[in-house]
Amino acid sequence: MMKAVCLERCGRASTVNLSDVPRPKPGPGEVLVHVHAAGITLTELDWGETWRTRNGIPRAHPIPGHELCGEVAAVGVGTPDLHTGDRVYGLTDFARDGAEAEYAIATASEIARAPRSVDDLHAAAVPLAALTAWQALFDRARLEAGHRLLIHGAAGGVGCVAVQLARWAGAHVIGTASESNLDLVRALGADEVVDHEAVHFEDVVSDVDVVLDCVGGDTLTRSFGVLVDDGLLISIAQPIPDDRADDPRVHAQFFVVHPDRAQLERIAELVDQGVIVPIVDAVVPLERAQEAYEHLAKGHARGKTILKVIPS
């Protein structure tokens with residue numbers, strides 16, 4: 001058996017409990033990771049995958065959290081390049097139980113050796129945020145030096161990494177955030193910062209090549225007006241509204257991040273080179289996971305909230 005965070009009642013009103021559940025066993029192509037730290041994603045409470053298997057069967061013990069750092073505890077058949085004792089980090093498939101537990105299953109394609117320059121808590125803050133930012137900016141937007149990029153929610157988990165990656169790529173970075181987070185976004189490398197609570201961003205921002213929207217709602221729909229002709233809006237917060245999906249002037253995409261070992265390896269290199277500095281907003285012990293979710297629900301997060309699974 002193992003200790004794990006288990007959810008009750010689907011959605012943001014979920015109750016978060018620490019329960020004893022069976023410890024999983026790795027199958028072919030899988031490894032069992034002894035989790036040291038896990039990142040929390042609040043919106044995951046609304047995802048169908050959190051509550052049901054890929055076949056639609058309700059999970060007996062829904063365990064959230066899919067970004068982790070830890071140590072390989074056991075390996076299944078077909079994982080020749082991973083060994084017991086390896087320190088790894090990664091993003092596990094959303095269709096399986098998550099990593100807010102003492103142990104979690106990962107496939108060899110979902111994890112890589114963790115960055116050497118940061119501790120487990122900061123390494124666990126990287127995978128989902130950095131993979132999302134990488135896939136948005138480079139796989140989809142083909143971001144290049146000189147591009148004007150607007151990032152909504154620039155102080156959040158994904159936003160913090162996106163600012164740093166865009167700065168590294170040579171883009172002109174504009175970030176929106178609340179007043180209390182403007183200095184952070186500026187320090188991460190943004191060329192311009194906008195207090196979204198004080199002004200309408202469309203009144204002070206224009207001629208943007210790419211918008212990365214981590215907020216959704218009205219922010220998404222208003223962002224179309226700041227794009228240049230043939231510009232690109234990428235949303236990770238919600239699908240593009242039907243009435244804007246076929247806008248002939250600009251392009252718009254919604255996507256969900258996927259695990260990618262090669263990208264994790266490259267991202268680990270960038271962390272070790274100091275290009276990406278993981279931002280941790282709060283660290284909460286596993287047994288107080290409910291407090292961590294309540295902290296996130298208050299909004300205005302700075303980076304990631306991390307569950308510390310292995311006590312000091």
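Biologist: How many of the six residues of strand β11 (residues 208–213) are buried?

Modeller: Buried means under 20% relative accessible area, exposed over 50%, and partly exposed in between, with a 1.4 Å probe and protein chains only. In strand β11, five of the six residues are buried, and the strand is mostly covered. Strands (E, at least two residues) and helices (H or I, at least four) are DSSP runs numbered from the N terminus. The model is predicted: local features need pLDDT of at least 70, side-chain atom pairs count only at pLDDT 80 or more, and totals for chains, interfaces and linings use all residues. Residues are numbered from 1 along each chain as its sequence is written, and side-chain values use heavy atoms, with hydrogens and water left out.

Biologist: Which strands pair with β11 in the parallel sense?

Modeller: Two strands pair if DSSP finds at least two bridges between them. Strand β8 (residues 148–152) pairs with β11 in the parallel sense over four bridges, and L149 stands opposite V210 in β11. Strand β12 (residues 227–235) and β11 are also parallel, with five bridges; here L212 stands opposite I234 in β12. Between β11 and β12 the chain passes through helix α7 (residues 218–223), and this β-α-β crossover is right-handed. A crossover is right-handed if, with the strands pointing away from the viewer, the path from the first strand over the helix to the second runs clockwise.

Biologist: How is strand β6 (residues 103–107) placed, mostly covered or mostly exposed?

Modeller: Strand β6 is mostly covered, with five of its five residues buried. Y103, I105 and T107 point one way, while A104 and A106 point the other way, and all are buried. Strand β3 (residues 30–39) runs antiparallel to β6 and is joined to it by five bridges. H34 has Y103 of β6 as its bridge partner.

Biologist: Where does T132 lie, and which residues does T132 touch?

Modeller: T132 belongs to helix α3 (residues 127–140). T132 is buried, its relative accessible area being 6%. A polar contact is a pair of N or O atoms within 3.5 Å; within protein, one must be able to donate a hydrogen and the other to accept it, and residues adjacent in sequence count only if both atoms are side-chain atoms. The side chain of T132 reaches the backbone oxygen of L128 at 2.7 Å. Contact in general means heavy atoms within 4.5 Å. Not counting residues up to four places away in sequence, T132 touches V158, I236, F255 and V257.

Biologist: In a loop, what is L286 in contact with, leaving aside its neighbours within four places in sequence?

Modeller: L286 lies in the loop between β14 (280–285) and α10 (289–297), and is buried, with a relative accessible area of 5%. Leaving aside those neighbours, the contacts of L286 include K3, V5, L18, E100 and K308. The C-alpha atoms of L286 and K308 are 5.7 Å apart, although 22 residues separate the two along the chain.

Biologist: What share of the 312 residues in the chain is buried?

Modeller: Buried residues make up 53% of the 312. Among contacts between residues at least 6 apart in sequence, 64% join residues at least 24 apart. The C-alpha atoms fill a box of roughly 55 × 40 × 35 Å along the principal axes.
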